[in-house]
Amino acid sequence: MGDTVEQFLLTEDDLEESFFGEEPSAAYDPVFLSGDESGRVLIDLINTLTHGTHPEAVDHAAGLYTNVVGSVVFHHVARFRGDGAQRILQEFVEALHKCDRYRMQLNDGMQFDVTKAAVEPLENSAGEAFVTRWVTTADGYRIEGSWAVAVSGDILSFVNVRLPDPAGIHRLARTALERIAAGAAPS
């Protein structure tokens, strides 16, 4: 099987701001409440990727980075059997295109309305990769976030960010894909 997929995770050195690595927490675990049924598919896929519980995954790693101004970067990488990574990407992309909005709840009880702003290809990507921009609101609270999902060989990469620079998701997702394609840990 070779090295673990942990070597493909983004690191603090990949982030342009001052971020701190944290232990990925189960406190995030979103639960679908209502809205487009495709939102349930997205939430279920994210949870199985986050916890490495997808039945076709053979290896999994996750990283979480935060900074003092509230920016967040989650990165999940999973290796799948056979063509599993490509099938998961297709399932994810189909749900992304169908989903306009959904409501979710986190383990701490906070509920959020999530509205899709755009789905676009990952800029300068060699391979199938997509970026989705979301607006999340709750009681006057508004954040803009982005997801990037991509496949390289048998590995699926999922980057979830809340960054002030909208181009940041493209840069981080490309960095992750380049690392996977090179098959080597960061130096």
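**Entry 1: salt bridges**

I looked up Glu-37 and Arg-40 and found that their side chains meet in a salt bridge at 2.5 Å, N to O, the term standing for a side-chain nitrogen of Lys or Arg within 4 Å of a carboxyl oxygen of Asp or Glu. Because Glu-37 and Arg-40 are three residues apart in helix 1 (residues 37–51), they are separated by about one helical turn; helices here are DSSP runs of H or I with at least four residues, strands are runs of E with at least two, and both are numbered from the N terminus. I noted that Arg-40 is partly exposed, with a relative accessible area of 34%, where buried means under 20%, exposed over 50% and partly exposed in between, using a 1.4 Å probe and protein chains only.

I kept in mind that this is a predicted model, in which local features need pLDDT of at least 70 and side-chain atom pairs count only at pLDDT 80 or more, while totals for chains, interfaces and linings use all residues. Residues are numbered from 1 along each chain as its sequence is written, and side-chain values use heavy atoms, with hydrogens and water left out.

Next I looked up Arg-79 and Asp-154, whose side chains meet in a salt bridge at 3.3 Å, N to O. This pair links distant parts of the chain, with Arg-79 in strand 4 and Asp-154 in the loop between strand 8 and strand 9, 75 residues apart. Arg-79 is buried at a relative accessible area of 10%, whereas Asp-154 is partly exposed at 30%.

A search of the whole structure finds nine salt bridges.

**Entry 2: strand 4**

I then asked myself how many residues of strand 4 are buried. Nine of the nine residues of strand 4 (residues 72–80) are buried, so this strand is largely enclosed by the rest of the structure. In a regular strand the side chains alternate between the two faces of the sheet. In strand 4, I saw Val-72, Phe-74, His-76, Ala-78 and Phe-80 pointing one way and Val-73, His-75, Val-77 and Arg-79 the other way.

For its partners, I used the rule that two strands pair if DSSP finds at least two bridges between them. Strand 3 (residues 57–66) runs antiparallel to strand 4 and is joined to it by nine bridges, with Leu-64 opposite Phe-74. Eight bridges join strand 4 to strand 9 (residues 155–162), also antiparallel, and here Ala-78 stands opposite Leu-156.

**Entry 3: a loop residue**

Last, I looked up Asp-139, which lies in the loop between strand 7 (129–138) and strand 8 (141–152). Its phi is near 45 degrees, a positive value in a residue other than glycine, and Asp-139 counts as exposed at 83% relative accessibility.
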